[in-house]
Amino acid sequence: MKEGQLKQDGAGEERLSRFLARSGVASRRHVDELIAKGRVTVNGRVAVLGQKIRPGKDIVLVDGREVGGAQKPIYIMLHKPPGYLSTCADPRGRKTVLSLLEGVPARVFPVGRLDYDAEGLLLLTNDGDLTYLLTHPKYRVIKEYAVWVAGPRDESKIREILSGIIIGGKRVQVDYARFRNGSDRVQELVIGVHEGQKHLVKHICHSVGYEVKRLKRLKIGPLRLGSLKRGAWRYLSPGEVEALYEEARKGWEGEHDN
Ligand code: URA
């Protein structure tokens, strides 16, 4: 059994959060938020965190719509352009990445976040287990970014970044950081992180005095954006999906060799 695939409990019961994630409602973290906000009911009663259900017997509704159970997993790689939200809907009516996915036969949701003004590799899936493994820092799956910053090349800033930056009172461990290209006024850095706090790479750069001009995600674990064009998407191959699961398994066992 892969990491993150929880067992069913006794007498055919299953944790509600696992059932919702497996059913493609949202990632495991997000389904807990849905439950906490009272948007999930089981047999007509508002569900609570940690609740168990009997799949196929209990009636589970999210926002009044019935949840059907397991469906075929779908894995998509999108080259997100700037100017799109990596959420499923926006109350302010801004464009979301889902509008770029014409022809996808099932509901998918983004794996983690990529800022509105950021671009690059975004995974979308209905597999809540994989989403959990790729986004929870304990599995140490590294996301790699190219970031263009204003200012001169200064190696001491790289040392500062690598020594551990304090963000929101907590030390963030950066897996790697180096300069790649640059001119007098703009530098391109490559930064790898396995943590996923909001605006993490921007905070890292700001904390050493660099203003971020552009941010692009290049890799998630072994998966590279490659030559996929801006706004284009493709399905992952079974081998790519397996490699992502394998990366999380290695991270869990502490086998990373950055
Ligand atoms: N770090 C950021 O600052 N923004 C992103 O979108 C991803 C990582």
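In which loop is Asp58 found? Asp58 lies in the loop between strand S4 (52–53) and strand S5 (60–62), where helices (H or I, at least four residues) and strands (E, at least two) are DSSP runs numbered from the N terminus.

The model is predicted, so local features need pLDDT of at least 70 and side-chain atom pairs count only at pLDDT 80 or more, whereas totals for chains, interfaces and linings use all residues. Residues are numbered from 1 along each chain as its sequence is written, and side-chain values use heavy atoms, with hydrogens and water left out.

Asp58 counts as buried at 11% relative accessibility. Here buried means under 20% relative accessible area, exposed over 50%, and partly exposed in between (1.4 Å probe, protein chains only); the areas come from the Shrake-Rupley method with a 1.4 Å probe, and for residues only the protein chains shown count as cover. Leaving aside neighbours within four places in sequence, Asp58 is in contact (heavy atoms within 4.5 Å) with Val42, Asn43 and Ile53. Asp58 and Val42 are 16 residues apart along the chain, and their C-alpha atoms are separated by 6.5 Å. The side chain of Asp58 also makes a polar contact with the side chain of Arg54, at 2.6 Å. A polar contact is a pair of N or O atoms within 3.5 Å; within protein, one must be able to donate a hydrogen and the other to accept it, and residues adjacent in sequence count only if both atoms are side-chain atoms.

## Nonpolar cores

In soluble globular proteins, nonpolar side chains tend to be buried together. A nonpolar core is a set of buried Ala, Val, Leu, Ile, Met, Phe, Trp, Tyr and Cys residues joined through side-chain atoms within 4.5 Å. The largest such core has 35 residues, and Val147, Ile191 and Ile204 have the most contacts inside it. Helix H5 (residues 200–207) supplies the largest share of this core, four residues. The core draws at least three residues from each of domain 2 (75–137 + 222–252) and domain 3 (142–220). Apart from it lies another core, of 20 residues, among them Val111, Leu134, Leu225 and Leu244.

Outside the four places on either side in sequence, the contacts of Ile191 include Val147, Val174, Tyr176, Val201, Ile204 and Cys205. In H5, Leu200, Val201, Lys202, Ile204 and Cys205 are buried. H5 is followed by Gly209, whose phi is positive, near 90°.

## Ligand surroundings

| Residue, backbone atom | Ligand atom | Distance |
|---|---|---|
| Asp115, N or O | oxygen | 2.6 Å |
| His199, N or O | oxygen | 3.2 Å |
| Val201, polar backbone atom | nitrogen | 3.0 Å |

Taken alone, the ligand exposes 230 Å², and the protein buries 94% of that.

His199 lies in the loop between strand S14 (186–193) and H5. His199 has a positive phi of about 55° although it is not a glycine, and it is partly exposed, with a relative accessible area of 34%.

## Further residues

Arg140 is found in the loop between helix H3 (128–135) and strand S10 (143–150). Its phi is near 55°, a positive value in a residue other than glycine, and Arg140 is partly exposed at a relative accessible area of 24%.

Glu119, in strand S9 (residues 119–125), has 2% relative accessibility and counts as buried. Not counting residues up to four places away in sequence, Glu119 touches Lys80, Pro81, Pro82, Leu114, Arg214, Leu215, Lys216, Arg217 and Arg230. Glu247, in helix H6 (residues 238–252), is buried with a relative accessible area of 14%. Glu247 and Pro222 are 25 residues apart in sequence and 7.3 Å apart in space, C-alpha to C-alpha.

How values were computed: Domains from an automatic or database assignment.
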